[in-house]
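Student: I would like to learn how to read the features of a model such as this one, step by step. Could we go through it together?

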Amino acid sequence: MNRTDRLYALVEDLRAISPRCRSARELAKRFEVSARTIERDITALQESGVPIYAEPGRKGGYAIDKKMSLPPLNFTPAEAVAIAVALSRAGDQPFGRQARSALRKVVAAMPGPEGELARELARRVQMVAEPPEPGAEIQPLGAEGISRAIEEALLRRRVLRLDYADAKGALTSRDVEPGVYLGGRGGFWYLVAWCRLRDDVRVFRLDRIAAASVTAERCPDRPLEGFAPDVPEMIVHGTMLD
């Protein structure tokens, strides 16, 4: 990145997180230059009239005037996570770095509670890191409304009622506590949940769920780590918003 591009990117980065600030060290790491270079860049921007000021203290840094900041965006937490999932499925692509930068700005500009809710939801949407098989296609998400019910249950932390068919086609009804939405393996999507029928964590393939409805019961708190699928050859990574 040349200096002109870096100066512009610095302003955009500070604008995205305003009124919060970033230290010279954080900015240096982000732009892969020295902290001294960042300090010189900030001075140049200030001299050109950009309203950047320094916040003193151990947690201080550089911030930009609120008038230069983005207004709150009307993105919902689910919409922000949808963008992150699309980016994670695309892998390396032209303008990929810029796309991830744009996503960070979207999340940073969301009102505080909405941004935190988006981050919590993103932690519960995970992808399997494995190369796609030649000719592999994305598999259907199941019957109409299944995916939407799972999304709502994860977002609101509610118990789901499922009608589920196993590999032999046998159908059972069960209440589950959704933990993780898992995608990527063989093009299929899965729900990892605590199954009350089996009293243990189970993985449900979406195309085998015949029906799903969100109940009014709130899920008890369970550590997210407890929903990690126990499949040794799978490398799972979370959906990143920041």
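Student: Where does Pro19 lie?

Tutor: Pro19 is in the loop between α1 and α2, where helices (H or I, at least four residues) and strands (E, at least two) are DSSP runs numbered from the N terminus. The peptide bond that leads from Ser18 to Pro19 is cis, its omega being near 10°. Before we go on, note that this is a predicted model, in which local features need pLDDT of at least 70 and side-chain atom pairs count only at pLDDT 80 or more, while totals for chains, interfaces and linings use all residues. Residues are numbered from 1 along each chain as its sequence is written, and side-chain values use heavy atoms, with hydrogens and water left out.

Student: What does the protein average in pLDDT, and where is confidence lowest and highest?

Tutor: In general, where pLDDT is low, the predicted coordinates should not be read in detail. The protein averages a pLDDT (the predictor's confidence in each residue, from 0 to 100) of 80, and 78% of the residues score at least 70. Confidence is lowest in strand β9 (residues 236-238), with a mean of 52, and highest in strand β4 (residues 158-165), at 95. The pLDDT is below 50 over residues 231-236, a stretch that has 13 contacts (heavy atoms within 4.5 Å) in the model beyond near neighbours in sequence.

Student: At what angle do α1 and α3 pack?

Tutor: Two packed helices are described by the angle between their axes and the distance between the axes. Axes are lines fitted to C-alpha atoms, for helices over the stretch in contact, and angles run from 0 to 180 degrees between N-to-C directions. Helix α1 (residues 3-17) packs against helix α3 (residues 35-47) at an angle of about 80°, with the axes 10 Å apart. That makes α1 roughly perpendicular to α3, given that angles under 35 degrees count as roughly parallel, over 145 as roughly antiparallel, 65 to 115 as roughly perpendicular and the rest as oblique. Among the residues that make this contact are Leu7, Leu10 and Leu14 of α1 and Ile38, Ile42 and Leu45 of α3.

Student: How do the axes of α1 and α2 cross, and which residues of the two helices meet?

Tutor: The axes of α1 and helix α2 (residues 24-31) cross at roughly 125° and come within 12 Å. That makes α1 oblique to α2. Arg6, Ala9, Leu10 and Asp13 in α1 meet Leu27, Arg30 and Phe31 in α2.

Student: Which residues of α2 and α3 meet?

Tutor: Ala24, Leu27, Ala28 and Phe31 in α2 meet Ala35, Ile38 and Glu39 in α3. These two helices, α2 and α3, pack at an angle of about 105°, and their axes are 8 Å apart; they are therefore roughly perpendicular to each other.

Student: How many aromatic pairs are there?

Tutor: A pair of aromatic rings is described by the distance of the centres and the angle of the planes. Rings of Phe, Tyr and Trp (its six-membered ring) pair if their centres lie within 6.5 Å, and planes under 30 degrees apart count as stacked, over 60 as edge-to-face and the rest as tilted. By this rule the count is two aromatic pairs. The ring centres of Tyr164 and Phe204 are 5.0 Å apart and their planes are at 85°, so the pair is edge-to-face.
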